[in-house]
Amino acid sequence: MAINWFKYSAPTTFYGLAGKLVPWFAVASAALFAVGLYIGFAVAPMDATQGEFYRIIFIHVPASILSMFLYLIMAGYAALGLIFNTRLSAMMASAMAPTGALFAFISLWTGALWGKPMWGAWWVWDARMTSELILLFLYLGFIALHSSIDDPRRADRAAALLAIVGSVNVPIIYFSVKWWNTLHQGSTIKFSGTSMHIAMQQAMFTMLAACWLYAIAVTLARVRSIILEREKQTKWVSELPEVAQGEGKQ
Amino acid sequence: MKKLSLFSLLVLVVRRDLVLAMRCRTDVLTTLVFFVMVVSLFPLGVGPEADMLRKIAPGVLWVAALLSSMLSLGRLFAADHQDGTLEQMLLVPQSLAVLVLGKMVSHWMVSGLPLVLLAPVLGLQFDMSVEAIGVLMLGLLLGTPILSMLGAIGAALTLGLRGGGVLLSLLVLPLCIPVLIFGTGAVGAVTASLSYSSHLSLMGAMFVLALTFTPWVTAQALRISME
């Protein structure tokens, strides 16, 4: 039997698939969050140098990792949409942007909360923090451009081009910020060389997996809304049970 | 019709845009006055101590150059878009990327080059040394074209949108950060009597990179915006 690889690249079929997947990812994410937070707060020992403050890394590190990966994945989807002219890819890209921006913001916020007791300052012009801030700006630019263009096709393509230009620029920005920082004030505080305790690692990886699943669940849920919004004039949407019911009530 | 060579097409576009710019000189001059004004505001804000001014001078001049180039970018394609010239340009059988490059060059000659020439005067206001001013000019000479080229992408993407000007800055400013860093870094290196060549080499690399890709990307962006 030949498998049709592109079956789910059409919004019509993907809408149903996403609907089936969302609860699974959401439940798995919630469970992993519970386990990760339990290990992080109850099992993992206190850090020798940082005391209890270090525990914020269980959300800070996954959020930072996710914010960077989501931008690349978003740019990848955007490029797919631009090259092959597929509708769903562009919808996925715009569904991912708010989640990515949220993670970038969480990463900055938790970083500031950690920095105040550890470094004695809410904000330091450290290379990583600065590039995270710029990443947040790039996300905001993507969202702003997409939402200020009324025609969805043009919005998709313009934002896709911006995302690609941004992803080419990300390494340039990262290294320039890194060199700028080292030129100005020498190396700043780094993580101590000690290897992490096994429970800390477990907590961190569990939280990372939980964040991934959360991102997938939210993206799928959001892409379903986008599909409905874009395809609202089509027949298949009006025949959906949830849509037909809603109209019946009115 | 005789088919133009790429170079003569480039010259044609540059000359046309320069003539247009000279016909409405106030647009050009307001950008320059804005640059001078922003730079002059800083001493009033932070105080007249010469040491402090010397220290912040490269950053102030570069940030002011960035802002004033944002100011003029909105006009890069807007007038041609309004009177329909841009549509005709998209229909031209020659390469759109070269056409766009011509517009970038003329934009730089009108808004970037005057900043480079004005910089020494403002540098003297900030008590910069002659050597530092030389490096600042060199950096601006390499960097302002990059600003015009990156900005053209944003200008093409935001063509004809409401609130286009502010949106343009939001899109383009983060991309310009490396230029700012190396431009001010070069001047900082001179004042610390270190070698500034690495900063300017990196800036040169970015210039070549931008020159290779941005005309093409801008051409794509224009096609997206005009379809």
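Mentor: A residue is called buried when its relative accessible area is under 20%, exposed when that area is over 50%, and partly exposed in between. The model is a predicted one, and every value below should be read with that in mind.

Let me start with the surface of chain A. L113(A) has a relative accessibility of 40%, and therefore counts as partly exposed. This leucine belongs to helix α3 of chain A, which covers residues 87–119, and together with F105(A), W109(A) and W122(A) it makes up a nonpolar surface patch whose accessible area is about 470 Å² in total. T110(A) is also found in helix α3 of chain A, but this threonine counts as buried because its relative accessibility is 8%. The side chain of T110(A) makes a polar contact of 2.9 Å with the side chain of H60(A), and, once neighbours within four places in sequence are set aside, T110(A) is in contact with I56(A) and I59(A) as well as with H60(A).

Turning to the interface you asked about, 27 residues of chain A are in contact with 26 residues of chain B. Between them the two chains bury about 2,200 Å², and carbon and sulfur atoms give 77% of that area. On the side of chain B, the residues that lose the most area to chain A are L157(B), L175(B) and I224(B), which together account for 24% of what that side buries. The side of chain B that touches chain A draws at least two residues from each of α7 (130–157), α8 (164–172), α9 (177–191) and α10 (197–226), and α10(B) gives the most, with nine residues.

Two loops in chain B also deserve a careful look for their backbone angles. Most residues other than glycine have a negative phi. D127(B), in the loop between α6 (96–125) and α7 of chain B, has instead a positive phi, near 60°, and this aspartate is partly exposed because its relative accessible area is 37%. S193(B), which lies in the loop between α9 and α10 of chain B, likewise has a positive phi, near 45°, and with a relative accessibility of 67% this serine therefore counts as exposed.

Note on methods:
Residues numbered from 1 in each chain as written. Chains lettered and ligands numbered in written order. Predicted model: local features only at pLDDT ≥ 70, side-chain atom pairs only at ≥ 80, totals over all residues. Heavy atoms only, no water. Patch = residues over 30% accessible without salt bridge, like charges linked within 9 Å, V, L, I, M, F, W, Y side chains within 5 Å. Areas by Shrake-Rupley, 256 points an atom, 1.4 Å probe, with all protein chains shown as cover. Salt bridge = Lys/Arg side-chain N within 4 Å of Asp/Glu carboxyl O. Helix = DSSP H or I, 4+ residues; strand = E, 2+ residues; numbered from the N terminus. Buried < 20%, exposed > 50% of the residue type's maximum accessible area, 1.4 Å probe, protein only. Contact = heavy atoms within 4.5 Å. Buried area = accessible area lost by both parts, 1.4 Å probe. Polar contact = N/O pair within 3.5 Å; in protein donor to acceptor, adjacent residues only side chain to side chain.
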